[in-house]
Amino acid sequence: MKKNIGITILIISIILTMLLVSNKKEADTIITEIDIPLVKVRPLIQNTINATIQSQGTIFPANEIIILSEINARVAWVSEKLDNGASFNKGDTLVKLDSRDYELALISAESNILNAKVNLEREQAEFDLANKEWERVGSGKASDLTLRKPQLAQAEAIWAASKAAVEQAQRNLDRTAIIAPFSGRVRNKNINVGSSLFPGTSIAKIYSTDFYEIRLPISDRDMPFTGLLFDGKSIPSYNQLDVIFSLDNQDICKGKIVRTESEKDYKTKMVVLIAKIDVGKNYNKNNLLTIDQFLEAKIIGIELEDSIQIPRSLVRNSYVWVIDSGRKLRKRKVDIFRYEKEIAILKDGIVKGDYLLISRMNTLVDGMLVDININ
């Protein structure tokens, strides 16, 4: 019986196992749904755009001169248009000097020229008569003195000197009136009525209001995007760059880059462009341009072909996250033309069909499947 107990237990175990297997319940199938995130994207469009270069500077006159006295005289009258900061028009009389001495000098010179003219006519007649007489009664070669050639040459020289004296006297008389050579303003006045002047005395410093200029420093990295040669020469009109000037973030006028400076600014170590503003074309009664006024400038540079603009904040170490044509998240390494304020201009690295990811995501995994909402 002891031998049969082991066999009996084995048989019972097999029977119980078979019963349990035949009566087991099937496990429920659990289907896990994949959570696909919805993200906002923006199309990436290639365009040809112009590089823009930011700068700033202060206005200074394109044409500024110091009026100097050219004669000895006393100031007889000064226009109120010559007061410091006053405006004047081209052709206005600004200063009158005492002209009496120069009027008398002109009368004397005109008298001398009349005498010189009579003397020349007399010597011409004597010369003609001497030549005829020698042809009639003379023989051989006559001397110049006999033919009165030296006397005629002297009379001609006196006549020429007399004309020059009249011209000089007239010019000195004209210099007693200081006439504005252009429309402009007065920087400062140095004389008053009764002041005694001599050649070289400074009368006033004035500047033209037809055109203004602004020095615009830019960095070395911006130089290639101007397309200009920094050789200090004037730029031909067909190659001049447009400039938009602003004040308090408001565009107020436009200008042109007319020349470059060939040396760096010793203070800022930057290269300098010179912009010119046509004041008449940019007149705005609400924003009158003045000398020494500070302005922000946006220089319109060369064209950048097949470029893409995106927010600068979306570029990380030359990488950009995009959604490809298969709606999968991709990390693209991009080639960047340049940065402009809050904008990055991409040159290469974007694949056709890519969308720019603009949503913030907690987890970024290359190849992740997403749904897109195009903005």
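Colleague: Which residues of helix 3 are buried?

Modeller: In this predicted model, where local features need pLDDT of at least 70, side-chain atom pairs count only at pLDDT 80 or more, and totals for chains, interfaces and linings use all residues, the buried residues of helix 3 are Gln-151, Leu-152, Ala-155, Ser-162, Val-166, Ala-169, Asn-172 and Leu-173. Buried means under 20% relative accessible area, exposed over 50%, and partly exposed in between, with a 1.4 Å probe and protein chains only. Helices (H or I, at least four residues) and strands (E, at least two) are DSSP runs numbered from the N terminus. Residues are numbered from 1 along each chain as its sequence is written, and side-chain values use heavy atoms, without hydrogens and water.

Colleague: What do the buried residues of helix 3 pack against?

Modeller: They pack against helix 2 (100-137) and strand 7 (177-179), contact being heavy atoms within 4.5 Å.

Colleague: How do you know that the span of helix 3 agrees with its 26 residues?

Modeller: The expected span is 1.5 Å times one less than the number of residues. For residues 149-174 this gives 38 Å, and the end C-alpha atoms are 38 Å apart, so the two agree.

Colleague: Why does Asp-324 count as buried?

Modeller: Its relative accessibility is 14%, so Asp-324 counts as buried. Asp-324 lies in the loop between strand 16 (319-323) and strand 17 (329-333), and its side chain reaches the backbone nitrogen of Lys-328 at 2.9 Å. Not counting residues up to four places away in sequence, Asp-324 touches Arg-330, Arg-332, Gly-353 and Asp-354.

Methods:
A polar contact is a pair of N or O atoms within 3.5 Å; within protein, one must be able to donate a hydrogen and the other to accept it, and residues adjacent in sequence count only if both atoms are side-chain atoms.
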